[in-house]
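Here is a short briefing on a single protein chain. The points are grouped by topic.

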Amino acid sequence: MNPMPPRGKRRPTRPTRPAHRGPAVSAALTLAATVTAAAALVSCGTDSDAPSSEGSETVSARPTAPDASSFSEKTASPLKSQASEAAESARASASEAQASASKRADEFEASVSADTERANQAAEKALKGVAGRGNAMSDVSMTGKPRSETGGVLASVVTFTNRTDKTADFAVQVDFVDSSGKAVETRYVGTENLEPGKRAQRYAISHEPPEPKLSAKLVKAQRY
């Protein structure tokens, strides 16, 4: 048997290196990857935004805010004008109501004065034919009114009391006399339709100046 030849040392094997890629190949691969990624993004966007194949309605775009220029001063002018007219109408109504109330107060005051003057004139007529002091001196009293309460005017409060069982009219004569007892001024005061048991008060007012000082004197009182 032939002896086997001696084995030499085995040379270690080198790992296989990948084939060297040139610049052109690398650029091509990079471009391909970019195009693939872009295509995927476009595909996703198209799939999510597109309407479904079953015919559902397309989602409309978000509504835009109204143009602020449409709310111009010209648009607000009619509203301001209407508010102004309403306020003016309210003021006019209030003014008319106040004037009406004032007119009614004036008319009422005038009617009261007219009634008083008529009663005083009736009293003067009723006393012209009365002899003596009349039949109602006990039914009439008189009290002086302080000048501080009458604005300096000399006035007396005449109180009528109907002590009968029938409605009656009353008339009195009041003289304003000086310190010697001489009558300087005569006033007639009356009240009408005084019911039984009722009282009424009227004023006897002097039109004379403060000097010389006068005093009020009840001269006659008649019930009729």
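Contact means heavy atoms within 4.5 Å. Among contacts in the protein chain between residues at least 6 apart in sequence, 68% join residues at least 24 apart. This is a predicted model, where local features need pLDDT of at least 70, side-chain atom pairs count only at pLDDT 80 or more, and totals for chains, interfaces and linings use all residues. Residues are numbered from 1 along each chain as its sequence is written, and side-chain values use heavy atoms, with hydrogens and water left out.

**Confidence**

- pLDDT is the predictor's confidence in each residue, from 0 to 100.
- The protein chain has a mean pLDDT of 75, and 56% of its residues reach 70 or more.
- Confidence is lowest in helix α1 (residues 23-49), with a mean of 48, and highest in β3, at 98.
- Residues 38-59 have pLDDT below 50, and this stretch has two contacts in the model beyond near neighbours in sequence.
- Where pLDDT is low, the predicted coordinates should not be read in detail.

**Architecture and surface**

- The protein chain has two helices and six strands.
- Helices (H or I, at least four residues) and strands (E, at least two) are DSSP runs, numbered from the N terminus.
- Read from the N terminus, the order of elements is α-α-β-β-β-β-β-β.
- The accessible surface of the protein chain comes to about 17,600 Å², of which 55% belongs to carbon and sulfur atoms.
- Accessible areas come from the Shrake-Rupley method with a 1.4 Å probe; for residues, only the protein chains shown count as cover.
- Buried residues make up 18% of the 224 residues in the protein chain.
- Buried means under 20% relative accessible area, exposed over 50%, and partly exposed in between (1.4 Å probe, protein chains only).

**Nonpolar core**

- A nonpolar core is a set of buried Ala, Val, Leu, Ile, Met, Phe, Trp, Tyr and Cys residues joined through side-chain atoms within 4.5 Å.
- The largest such core has 17 residues, and those with the most contacts inside it are V140, V158, F160, V172 and V174.
- At least two core residues come from each of β2 (155-161), β3 (168-177), β4 (183-194), β5 (199-205) and β6 (215-223).
- The largest share, five residues, comes from β3.
- Leaving aside neighbours within four places in sequence, V172 contacts residues including A123, L127, V140, V158, F160 and L218.

**Aromatic pair**

- Rings of Phe, Tyr and Trp (its six-membered ring) pair if their centres lie within 6.5 Å; planes under 30 degrees apart count as stacked, over 60 as edge-to-face and the rest as tilted.
- One aromatic pair is counted by this rule.
- The ring centres of F160 and F170 lie 6.0 Å apart and the planes are at 45°, so the pair is tilted.
- This pair links distant parts of the chain, with F160 in strand β2 and F170 in strand β3, ten residues apart.
- F160 counts as buried at 0% relative accessibility, and F170 counts as buried at 1%.
- F160 and L194 are 34 residues apart along the chain, with their C-alpha atoms separated by 8.6 Å.
- Beyond neighbours within four places in sequence, the contacts of F160 include V140, F170, V172, V189 and L194.

**Polar side chains**

- A polar contact is a pair of N or O atoms within 3.5 Å; within protein, one must be able to donate a hydrogen and the other to accept it, and residues adjacent in sequence count only if both atoms are side-chain atoms.
- N120 is found in helix α2 (residues 73-127) and counts as buried at 15% relative accessibility.
- A polar atom of the N120 side chain lies 3.1 Å from the backbone nitrogen of G190.
- Leaving aside neighbours within four places in sequence, N120 is in contact with Y188, V189 and G190.
- Q222 sits in strand β6 and is buried, with a relative accessible area of 14%.
- A polar atom of the Q222 side chain lies 3.1 Å from the backbone nitrogen of N135.
- Q222 and Q173 are 49 residues apart in sequence and 9.1 Å apart in space, C-alpha to C-alpha.
- R163 is found in the loop between β2 and β3 and counts as exposed at 57% relative accessibility.
- The side chains of R163 and D139 are joined by a polar contact of 3.1 Å.
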